[in-house]
Every structure is written in structure tokens, then in C-alpha cells.
Amino acid sequence: MEFSADLPLMDILTFITDELQQAYKNSNGKTEKANVLTEFFERWESDNSIKILKSFNFEFEPDLDWFNVSQPLSLVGLQGKIVVLDFFTYCCINCIHILPDLHSLEEQFPIESGLVVVGVHSPKFENERATANIQSAVHRYGITHPIVNDSRSAMWRLLGIRCWPSLMVLSPTGRPLLLLMGEGHGKFLEEFIRAALLFFQRLGQIDPSMLPLQLSSNNLYPASNLRFPAKIARSPRGDKYAIADSGNNRILVVSKNGVVEHKIGGYQAGFADGNIITARFNSPQGVAFLDEKVLIVADTKNHYLRKICLTNRQVDTLAGTGVQGSERTGGRLGNLQPISSPWDVAIFRTRDMDMSFHLDERNVPEKPIVLISMAGTHQIWGYFPEGIIWWKFRKFEPLCCVALIGNGLEENRNNSYPQNAAFAQPSGLAMAKDYLFVADSESSSIRKASMIDGKVMPVVGGDRNPLNLFAFGDADGKLFNAKLQHPLAVTYDDVNNRIYVADTYNHKIKVINLEDNNISTLTIKSHDGTELILNEPAGLCVDVDGRKLLVSDTNKHTIHLIDLKTLKAKPFSLDFSKLSSTSETDARETKNLLKDGPTPHVIKSLSLHFSKKSTISFNFHLSEEFKFTDEAPQTWVIKTVNQAVILDQSSGTVDNGICKMQVEVVHPDLLRENSNIIIVDFSLNICDSICCLSKQFSVSLKNIELSEEYIPNHNVYIKVERTGVGML
């Protein structure tokens, strides 16, 4: 069809994308889907009806700040590459959700194959315009591709981008090919990029040259051995705290004097249940004490709810499947129920509403309910360790995980009926008697939900219009006259009946007087008498006496202890010296925090048949003092794969020291002599009689030459020792 010259670029691109996705969805099988994509590129190349797209030129503004490169990039300089522009803002949960998709693309299609991902940071909040804050987010989320700080959103406005995240794919000549809005496009985008690279490579338009990549450094200084600490929880007796040390992928349990008693998890992100030495987490954000010896953890990037038992030193999974969920109802048993980016947890206790007669109602036991701020679906969920009859006599089965409050729309909607209310990325929870207080970050408000009937009410911040998610600022006061900016944490002071708020993007701590719902800013002094300057605080907790406040100064990688009477702060220093065991997954010291040593890399050359499938077997031999750690993950993942071959799987596990994969050459003309066939990243957990080690290394398989002699099985033997790895 012919597009009018007056039609906005985004409308044309959206129409073309929707048409392609519909044809792709309606096709059956890999071959038919591949043909749909090939036909799209052939039509795009010859179709004059989309000349407005082919003639559209745009470029990054000059003098912008860049990350992960040694010099600014330009779209002109990127010609010869398929470019994916990721329009994102670092507060956005949906933007966070697509990072694994982008990382997978970069692993499968490295820069020399012709793909470049460029993040175009287009801020929502004022705080997100600052280069230093973006730099902290880059490190927190582990982003390694180039990013530009388009602080004025100039490219966003020029192109007419409408939502976060938006992915625009550019041809090797820099013209828009595709526009994907929102999340959930990972598999389609992967196949689109694969087809695009093959198509434009046949046309001779792909440039295999490298880029001036250089991982950004921001001089982190975690003297406390923390890295981006998040939520803090207090034990019921008040003699312990739990800290979600999110950047180190672990939970710390410390005494009220800062002595570290337990360290669960490790620097390397992962997932593993079992004993607390080998258990692994991935950016845990929330933590709460179920009782003195049991912790509940929001294992955010793993999309799991976890339990830590300090008595038997075990970690177990309560809910989640490891795959990001998208449903808004739930109700299945925990280990069968997918969940989405749990950000915080809180514990509520109530009696069973089963209408049974009890001689003494005071002796009726209360049952716990784990409340979860499900940031990924904009809801409050519940996990039920025991069966219970609760709101309106609804029965909740034991161990089920279910949505309780919020319809899943991203809004600031208060309502008497819990399923008609809506949240906007709820990120912090605090129980205060029969009310759950919620830091609703994207609406920049604090809200509360009744645990008697689920009614949701405003407290401070935000706007009366439930659709206005841009009502942010920095103003004390009541209800909607008060203004916050992306608050991430709340905590309840039961001694003084107050709610403390981490007003994260305003870099302030504020307090709500629950007698009149008035919020005011605390002016906190450092130990030297100067004003305490925070940087995106994301966690806080009041001590059992209501006298001290612990604050996670997240981007400064430290925790402050604030005297609530004098409003003077001092560092809450952590003492790791009392721990009885260590492992290689401990947080790294400052000098190694961002710039790791080179990953061990071993190389094996082999000859593949030019058309038949071969099986590659990796065989790992440990030195005699080691064994594979029981219950710990032994995993592999394909880092890069030559476009000339296809594999039967892209990741898996090492079982009894062996893993296998099938490889087939499908484009022999693209496989050059001595080029990489695949690069595989391995992560093995091994133990001797004293400690456990986590070994990460890469194996490259290089092509000698294609052979007409068929070798069905290729064996790769690798020796793993304490000091390194190598070929046998």
C-alpha cells in the first residue's frame, strides 16, 4: 500500500511491524517463519511505497555523554551494522525486563557478526537526567553495550517514540526496519535479527569491524563490602537485621552492632537452593523475617520467592518457576506459579475466618501471609504458608501464590475493591497494624491497603487522576499536595506511629505522621556536622526502640545509622571477621569490583562435516582433591555461535562432569578457516574439604577446515584445577 507523506514515521513503522508480526504468528514451523522474514526483507528492499522510511535520516545529538565506549558513536559510523536502538529509562521495570533479551542477542550475534545494540536513555524523572545516576544504573544492571544519555530526549521526540521500552531496528544503511514496543518480543526479535544478518550479508552490506568498546567505570568505593544494598529488615526481637545486598547477589544477616553472622549467596549471580554456602540469588531486592530464624527473600531477577532457614542453614524456593510470569491472577501452588520481578516482601498475621466457635478467641493462632510487591505486574500478591480463609471468606490453599490487590494495569487507582485498584510498579512494603503501606514508585506516591478488606487508599504524593504517572516533585505536605520522586522503600515505626520513606530520586528521607498524614523531610547531619548527602536510597528500617533508623545509601554502597532524636548519622560498619567459612563468591574488594581479571579461556580446534550433524561432548576432569558441589548448579551457555552453524540447544547443565550438544553446518560458505564455531561459557561449582569454589571459564571451538570425512562424535577433554583450566 502507498503511505501518505503526511503520515508520521512511527505510524508507518508500527503498521509494518504489526503486519509482519501477524504473518509470523500465523505461519507454521521454522521454515515457513524464516520465509516470512526473508520475504519481508526482499519486499522492504524493493518496495517504493515505504520510501519515506528509506529516505529518513537522523543522528545522535553532539556532545552527549556515552557509556561503555571510549569515544562517542554516530549512526553514520554504524552503517554496515544492524543496529538495535533501545529507548529506555532506568527506573522502568519493563525496560529492566528486556535486558536479558538484549544480552542474549549480544551473546548470539557479537559485533563482528554485524549487530550492535545501543541504549538510548530517555529519562522520565528529573533525577534520571544526571549522567552519574545513569552510570550507577549501568553497573547495577550489568549493561555492557553502548549507552547514550539523551537527557533532553531529543531523539525520542524526533522519531515520535511513545513508550518505554521501545526497540527500533535499523538497516545497515541506518534506515528504520522495525519498531517493537513493550516487553515480550525476545524470541521474535532474535529470529528477525538472524534473518536480517543473513539477508544483508548476502547483499554484501554487513561490516564485520569492531567498535571502540570500553566498559565504564565509576570508582565504586564499597568500604563496607556492600554493593548497591537494597531493603533492610529487622528480626522480631530486634537483635538482628537482614540486608539485601543486591549487587553482590546475597543476603547478609548481621547483629545490631554490625557483626555479620550469615552470608547467603555470593558475588556471582545464579540460582541454587541448598545449604547457605552454595545457594545463589540474582539481585535480591526485598527481605523480611518470618520469625527469628526464617527469612523470606524477593529474589528479583530470578523471579522467585525464596526462604532461608538459619537453623538448618538451608535455602528453599517457595514460589516461582524461574521464568518471568505475565498472568495477573495466580492461585497455583508456589513452585508451579510463575511470578514477575518481586521487589519487596512483608509479613501479615491474621486469624482464620472459618466461622468456627472458640471458647477463648484470644487463643486462636494467627497464620502468616507473605505479602509481595510484584513490580513486574503492578500488583500485590500473597503467598500462604498455611491454608486460610480470609477476605470475604475466600479459601486460600496451603502453599499457594496468588494476586491479592491490583488489576495489573499501571495506574494510581485507589478503590474500595482490591481487584479494581491499580498500582504503578509497587517497590516497597511496610506493615503497620492492619494496613499495608506501599511505596508505589512509578506514581511517585505512598499508598495503603487495608488488610481487613483490601481497600486501597492514598496517603501522600501522586495525583487524583489515576492515569497521571508524571505527578512527581519534591514538596512536603498532605495527600496530593505533597510530591515525591520515585520512592522505593517504606518502614513503620510502631513506637512512634510513623512511616519513614526513602524518597529515592530526591535523595531524601521523609517521615509521615500517621495522625494527620503529613509528610516532612528529615534534615540529617553527618558525623562531622555537614548535611548528609544521599544517593538514591532504596532501603530503610527502624530499630526495635524507635530510636535509630538504618538507611541503605544504595549508590554509595553503604548503610547509615541515624539517631532519630538528634538526626545525626554515622556509618553502620559491617564486621565480616566472625564468619566461620568463606568461598570464592564473596564480594570482591574495591580494586577488583568493576574490572575483573580475564576470564580463563581454552581453545580446541576440530573439523566439522560440511553437511551432517555432529555431537560435541565436553568432559571435565577435576583434580583429585575436588568434587562437584552437591545441589549446586553446573551450567553452560552459548556465548557466541557462528552464523554458519546451528545448535540443538543454547544452554544446559553439566551432569556427572559431561555435557553434550549437536552442531550442524548449514551455511558452509560462511565458515572460514580458523574462525570460531562456538564459544561456550561454563560455570562450575566445586568443593574440597575446606571450601567451595566457583569456576567460570570459556571454551572456544575453532574450525580447522570443513571435512568430507564424517566424524559423528567430537570429544573435548578439559582439566579443572585450583589454579586454572586447560585442555587434556
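Which residue in E13 is the bridge partner of Ala 288? The partner is Ile 296, and this pair belongs to a predicted model, in which E12 (residues 286-291) and E13 (residues 294-299) run alongside each other in the antiparallel sense.

**The hairpin of E12 and E13**

- Strand E12 and strand E13 pair in the antiparallel sense over five bridges, and a hairpin of two residues leads from E12 to E13.
- Strand E12 is mostly covered, since five of its six residues are buried.
- As background, the strands of a sheet pair through backbone hydrogen bonds, and this pairing can be either parallel or antiparallel.

**The six-stranded sheet**

- Six strands form an open sheet with mixed pairing, and their order across the sheet is E1-E4-E3-E2-E5-E6.
- Strand E1 (65-67) and strand E6 (176-181) stand at the edges and have a single partner strand each, so one side of each is left without a neighbour in the sheet.
- On average, and with direction ignored, neighbouring strands of this sheet are turned by 20° against each other.
- Strand E1 pairs with strand E4 (residues 147-149) in the antiparallel sense, over three bridges, and within this pairing Asp 65 has Asn 149 in E4 as its bridge partner.
- Helix H6 (residues 131-140) packs on the sheet, where it touches E1, strand E3 (115-121) and E4, and the direction of H6 makes about 10° with that of E1.
- Helix H8 (residues 186-202) also packs on the sheet, touching strand E2 (82-88), E3, strand E5 (166-170) and E6, and the direction of H8 makes about 175° with that of E6.

**The four-stranded sheet**

- Four strands form another open sheet, in the order E23-E24-E25-E26, and here the pairing is antiparallel.
- The edges are held by strand E23 (426-432) and strand E26 (456-461), each of which has a single partner strand, so one side of each is left without a neighbour in the sheet.
- Neighbouring strands of this sheet are turned by 25° against each other on average, again with direction ignored.
- Strand E23 and strand E24 (residues 435-440) pair in the antiparallel sense over six bridges, and in E24 the bridge partner of Ala 430 is Phe 437.
- In a regular strand, as a general point, the side chains alternate between the two faces of the sheet.

**Cavities**

- Rolling a probe the size of a water molecule over the atoms shows where empty space is left.
- A search of the whole structure finds five cavities of 30 Å³ or more, and the largest cavity has a volume of about 180 Å³.
- The largest cavity is lined by 21 residues, and those closest to its centre are Arg 140, Tyr 141, Gln 285, Trp 343 and Leu 488.
- Sorted by class, the lining of the largest cavity consists of 11 nonpolar, eight polar and two charged residues.
- The second largest cavity holds about 50 Å³ of space, and the residues lining this cavity include Ile 98, Asp 101, Leu 102, Leu 167, Glu 183, His 185 and Leu 189.
- Helix H5 (99-108) and helix H8 each supply at least two residues of the lining of the second largest cavity, and H8 is also a helix that packs on the six-stranded sheet.
- By class, the lining of the second largest cavity has four nonpolar, four polar and two charged residues.

Key. Residues are numbered from 1 along each chain as its sequence is written. This is a predicted model: local features need pLDDT of at least 70, side-chain atom pairs count only at pLDDT 80 or more; totals for chains, interfaces and linings use all residues. Side-chain values use heavy atoms; hydrogens and water are left out. Two strands pair if DSSP finds at least two bridges between them. Axes are lines fitted to C-alpha atoms, for helices over the stretch in contact, and angles run from 0 to 180 degrees between N-to-C directions. Contact means heavy atoms within 4.5 Å. On a 1 Å grid over the protein atoms alone, a cavity is a set of points where a 1.4 Å probe fits but cannot get out, and a pocket is an open set with protein on both sides within 12 Å along at least five of seven lines; lining residues have an atom within 4 Å of a point. Grid points are joined across faces, edges and corners, and a volume is the space filled by probe spheres set on the points. Ala, Val, Leu, Ile, Met, Phe, Trp, Tyr, Cys and Pro count as nonpolar, Asp, Glu, Lys and Arg as charged, and the others, Gly among them, as polar. Buried means under 20% relative accessible area, exposed over 50%, partly exposed in between (1.4 Å probe, protein chains only).
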